Amino acid sequence: MFLRRLALLALPAALAVTGCSSLKTISVSPAAGNVSVAVGQTAQFRAFGASQMGSGTPTTAEITNSVHWTTVNPSVATIDANGLATAVAPGKTIVTAISDGLTASSDITVAASGSGSGSGSGAPYITITPATATESFLGETTQFIATGSLTGGVSQSLTSQVQWASSNTQVATITSGGLATAVGSGTTTITAQSGGTIATATMTVTLTGTSSNSSLNLIPGSATASFVGETTQFIALGNLGSGTTTQDLTSNVTWTSSDVSVASIDKNGLVTAVGAVTGQGTTTITATGTSTSGSLVTATATLSLNSTAGTVILPSLATYMTGAGTGTITGCVLTGGATTCSQNVINCGTGTNPSCTANFPLNSVVTLFATPNGHFGGWSSNCVTVAGPPANPLACTIQLNNNKTVGAIFNP
């Protein structure tokens, strides 16, 4: 009896030490600029939340059905409690998820029924880009993109809505987001499927890479936050395989913050200034990856918080050119249905300006265009490839609901 009473008395203390997990950040998928539908069609949005217990590592889980969904203009599109948006009339509106005082946004563009760039034939269709891919070393990745329509209407991005599969997982594996990784020599068929609608691509792995040096770098190398709640996107670039080609590894590494009372970081490298104690301080951001040989590869950056009152009004877009190749990046906010920039607000020249930054009004959607002199390795995962068909891997869009960072990989 004495031991039982002692255990009961100790229980509250144990609970106090354990604590409870609290929601730190939320995000919405698909990202802004990624959803275009016709009147009467639907689009599924999903919400993800990063939670943290004490000083432990943040964990991310889907919270689609527990957030409050709204649209700025319900006359353009409505959204239900499960994140399913329904197109009502032509136009564009912001979609927002709200939970515990935290918000995250995306958008949806609605075209008149039967209009747009899709086939509009009424038959569902899927297109995979690229149609073929060749890898030269273990661990090399290719991002496959699915576009089309599951209802036979206008084309939209389907990458996160289809089921991805590799016919030979001894050659390559593929994630639910379409990222394929080479694991052995041979050829495999990559399949994107939704119900009875199927599209295929081919991936061939020929091990010709000679370098065994893994590398990992973070951009930016340092950053400063000026108010609590400000976000900074860190991007991991390098190679964890046996080749020399630079790749976006942001979603392939583990992210940690050395002082979560200063800033927390989610699994996608998005840092949120916390300032829980003084509103000031510095934390070390660490990305850790595992090479194909099994060794750990790490890279670090710093984030300093000097909190002042206010919110970001003119968020900045920092664009970085990385990799061993060369090329140029231009960018602007497209208006009036334009598909190219008439005036380049962002203009990164070959070898002379490896990074460039510009400010845009809050919630602007910026389109970036890459012109490689060799092979373009792709954009960082937070910049959404412009859909087609066909998709344009040299262009991407990003919505500035806060300060953002984008990396562009140029290989020889």
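Me: What is the order of the strands in the open sheet of 3 strands, and how do they pair?
Reply: The order is β11-β14-β15, and the pairing is antiparallel. The edge strands are β11 and β15 (156–157), as each pairs on one side only. Strands here are DSSP runs of E with at least two residues, helices are runs of H or I with at least four, and both are numbered from the N terminus.

Me: What kind of model is this, and how are its residues numbered?
Reply: This is a predicted model, numbered from 1 along each chain as its sequence is written. Local features need pLDDT of at least 70, side-chain atom pairs count only at pLDDT 80 or more, totals for chains, interfaces and linings use all residues, and side-chain values use heavy atoms, with hydrogens and water left out.

Me: What makes β11 and β14 a pair?
Reply: Two strands pair if DSSP finds at least two bridges between them. β11 and β14 (residues 145–149) have 5 bridges, in the antiparallel sense. They therefore meet the rule of at least two. Within this pairing, Ile126 stands opposite Gly148 in β14.

Me: Which bond joins Thr129 and Pro130?
Reply: A cis peptide bond, with omega about -5 degrees. Pro130 sits in the loop between β11 and β12 (132–135). Ile219 and Pro220 are also joined by a cis peptide bond, with omega about -5 degrees. Pro220 lies in the loop between β21 and β22.

Me: Which residues of the largest nonpolar core touch the most other members?
Reply: Leu216, Phe234 and Trp255, out of 22 residues in that core. The elements giving two or more residues are β21 (215–219), β22 (222–225), β27 (263–265), β28 (270–273), β29 (280–290) and β30 (296–306). β30 gives the most, with 5 residues.

Me: What makes a set of residues a nonpolar core?
Reply: The members are buried Ala, Val, Leu, Ile, Met, Phe, Trp, Tyr and Cys residues, joined through side-chain atoms within 4.5 Å. In soluble globular proteins, nonpolar side chains tend to be buried together.

Me: What does Leu216 touch, not counting residues up to four places away in sequence?
Reply: Its partners include Ala236, Leu237, Leu249, Val253, Ala287, Val297 and Ala299. Gly238, Gly289 and Thr298 are touched too. A contact means heavy atoms within 4.5 Å.

Me: Why is the pair of Phe376 and Trp379 called edge-to-face?
Reply: Rings of Phe, Tyr and Trp (its six-membered ring) pair if their centres lie within 6.5 Å; planes under 30 degrees apart count as stacked, over 60 as edge-to-face and the rest as tilted. By this rule the count comes to 2 aromatic pairs. For Phe376 and Trp379 the values are 5.3 Å centre to centre and 70 degrees between the planes. The centres therefore lie within 6.5 Å and the angle is over 60, so the pair is edge-to-face. Phe376, Trp379 and Phe410 form one aromatic cluster.

Me: How do you know whether Phe376 and Trp379 are buried or exposed?
Reply: Phe376 has 11% relative accessibility, so it counts as buried. Trp379 has 9%, so Trp379 is buried as well.

Me: What is the phi of Asp100, and is the residue buried or exposed?
Reply: Asp100 has a positive phi of about 55 degrees although it is not a glycine. It lies in the loop between β9 (91–99) and β10 (102–111). Its relative accessible area is 68%, so Asp100 is exposed. Asn363 also has a positive phi, about 75 degrees, and is not a glycine. Its place is the loop between β34 (355–359) and β35 (364–372). At 39%, Asn363 is partly exposed.

Me: Where does pLDDT stay under 50?
Reply: Such stretches include residues 1–19, with 2 contacts beyond four places in sequence. Residues 114–120 are another, with 15 such contacts. pLDDT is the predictor's confidence in each residue, from 0 to 100. The protein chain averages 78, and 82% of the residues score at least 70.

Methods: Buried means under 20% relative accessible area, exposed over 50%, partly exposed in between (1.4 Å probe, protein chains only).
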